[in-house]
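Keep it brisk and define each term once.

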Amino acid sequence: MRLLLIEDNRRLAALTAEGLGKAGFAVDLVHSAEDASAALAVAGFDAVLLDLGLPDADGLTLLSALRARTDATPVLILTARDGVDDRVKGLNLGADDYLVKPFALEELVARIRALLRRPGAALGMVLQQGNLAFDSAARLASVAGKPLDLSRRELDALELLLRRAGRVVSKAALENGLYGFGEEVGSNAVEVLIHRLRKRLLAAGATAGVQTLRGIGYILTEVPAEKGAEAGAEIGQ
């Protein structure tokens with residue numbers, strides 16, 4: 001899931017982005033309201049982490065502008081302002097949650113996942129299709145209860161596809177959800193990633209598979225166990 005972190009304290013921002021990356025999120029990092037507005041104009045994010053004390057504008061102004069254009073992206077405010085009035089104002093302007101600095105990374109991750117579980121944002125903590133399951137909090141995948149060994153990027157792709165199970169996910173949407181602005185992405189990076197993920201699901205006997213709809217995107221659907229190998233061979237061409 002892709003996050004936009006808006007934080008002017010560069011050391012705190014770097015440490016937070018690093019920790020969120022290890023928790024399985026793709027993080028884009030900006031340090032000003034101007035850069036945040038530019039990022040929001042060109043990319044879609046699953047959630048926004050917003051510091052209020054930005055150098056060029058109050059974060060609440062940015063939040064107000066975001067909601068004024070009916071952008072419903074979940075917003076979690078991160079700030080040193082701990083007064084009740086500040087919290088109430090932020091929530092009334094459209095923030096979804098509020099975390100006071102200093103905070104524990106584990107709590108931040110938990111709050112983000114709670115936001116993404118809300119209706120319209122994502123599914124629950126355990127995502128499942130057929131005998132394939134993914135625990136989004138523990139970052140563990142399994143097939144018929146047996147652990148599935150996947151790389152971090154494969155887990156990210158699996159989570160994204162499971163959250164949209166039964167719906168087509170375009171290559172552009174996968175790239176947007178998996179890679180940040182600063183990452184170099186090869187022209188066939190998504191194809192290679194999906195090919196690896198598909199092979200691992202087939203080898204584990206998963207009754208859910210990733211199909212490629214050429215020129216359109218990818219879709220994760222349940223397939224009968226006895227047809228899994230046949231379907232995998234067909235869609236893996």
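Helix α6 passes helix α7 in a right-handed crossing. A crossing is right-handed if the near helix is turned clockwise from the far one by less than a right angle, and left-handed if anticlockwise. Helices (H or I, at least four residues) and strands (E, at least two) are DSSP runs, numbered from the N terminus. This is a predicted model: local features need pLDDT of at least 70, side-chain atom pairs count only at pLDDT 80 or more, and totals for chains, interfaces and linings use all residues. Residues are numbered from 1 along each chain as its sequence is written, and side-chain values use heavy atoms, with hydrogens and water left out.

Axes are lines fitted to C-alpha atoms, for helices over the stretch in contact, and angles run from 0 to 180 degrees between N-to-C directions.

| Helix pair | Angle | Axis separation |
|---|---|---|
| α6 and α7 | about 125° | 10 Å |
| α6 and α8 | about 85° | 10 Å |
| α7 and α8 | about 85° | 10 Å |

Angles under 35 degrees count as roughly parallel, over 145 as roughly antiparallel, 65 to 115 as roughly perpendicular and the rest as oblique. The α6 and α7 pair is therefore oblique. The angle of about 85° between α6 and α8 makes that pair roughly perpendicular. Helix α7 (residues 171–178) and helix α8 (residues 189–203) also pack at about 85°, so α7 is roughly perpendicular to α8.

## Who touches whom

Contact means heavy atoms within 4.5 Å. Where α6 meets α7, Arg-153, Asp-156, Ala-157 and Leu-160 in α6 face Ala-173, Leu-174, Gly-177 and Leu-178 in α7. By class, this contact has 5 nonpolar, 1 polar and 2 charged residues. Ala, Val, Leu, Ile, Met, Phe, Trp, Tyr, Cys and Pro count as nonpolar, Asp, Glu, Lys and Arg as charged, and the others, Gly among them, as polar.

Helix α6 also meets α8. Here Arg-153, Glu-154, Ala-157, Leu-158 and Leu-161 in α6 contact Leu-193, Ile-194, Arg-196, Leu-197 and Arg-200 in α8. That contact has 6 nonpolar, no polar and 4 charged residues.

Lys-171, Leu-174, Glu-175 and Leu-178 in α7 meet Val-190, Glu-191, Leu-193 and Ile-194 in α8. The classes are 5 nonpolar, no polar and 3 charged residues.

## The nonpolar cores

In soluble globular proteins, nonpolar side chains tend to be buried together. A nonpolar core is a set of buried Ala, Val, Leu, Ile, Met, Phe, Trp, Tyr and Cys residues joined through side-chain atoms within 4.5 Å. Buried means under 20% relative accessible area, exposed over 50%, partly exposed in between (1.4 Å probe, protein chains only).

The largest core has 27 residues, and Leu-132, Leu-158, Leu-161, Leu-174, Leu-197, Val-210 and Leu-220 touch the most other members. Elements giving two or more residues to this core are β7 (132–135), β8 (140–143), α6 (152–163), α7, α8, β10 (208–213) and β11 (217–222). Helix α6 gives the most, with 6 residues. Leu-158 touches Leu-132, Phe-134, Ala-141, Leu-150, Leu-197 and Leu-220, not counting residues up to four places away in sequence. Apart from this core lies another, of 21 residues, among them Ile-6, Ala-36, Leu-54 and Leu-63.

## Three loop residues

Glu-183 is found in the loop between α7 and α8. With a relative accessible area of 34%, Glu-183 is partly exposed. Glu-183 touches Arg-153 and Leu-178, leaving out residues up to four places away in sequence. The C-alpha atoms of Glu-183 and Ala-26 are separated by 9.9 Å, though these residues are 157 apart along the chain.

Pro-102 lies in the loop between β5 (97–100) and α5 (105–116). A cis peptide bond joins Lys-101 and Pro-102, with omega about -5°. Pro-102 counts as exposed, at 80% relative accessibility.

Ala-144 lies in the loop between β8 and β9 (146–148). Phi of Ala-144 is near 55°, a positive value in a residue other than glycine. Ala-144 is exposed, with a relative accessible area of 56%.

## The whole chain

The protein has 9 helices and 11 strands. Of its 237 residues, 48% count as buried.
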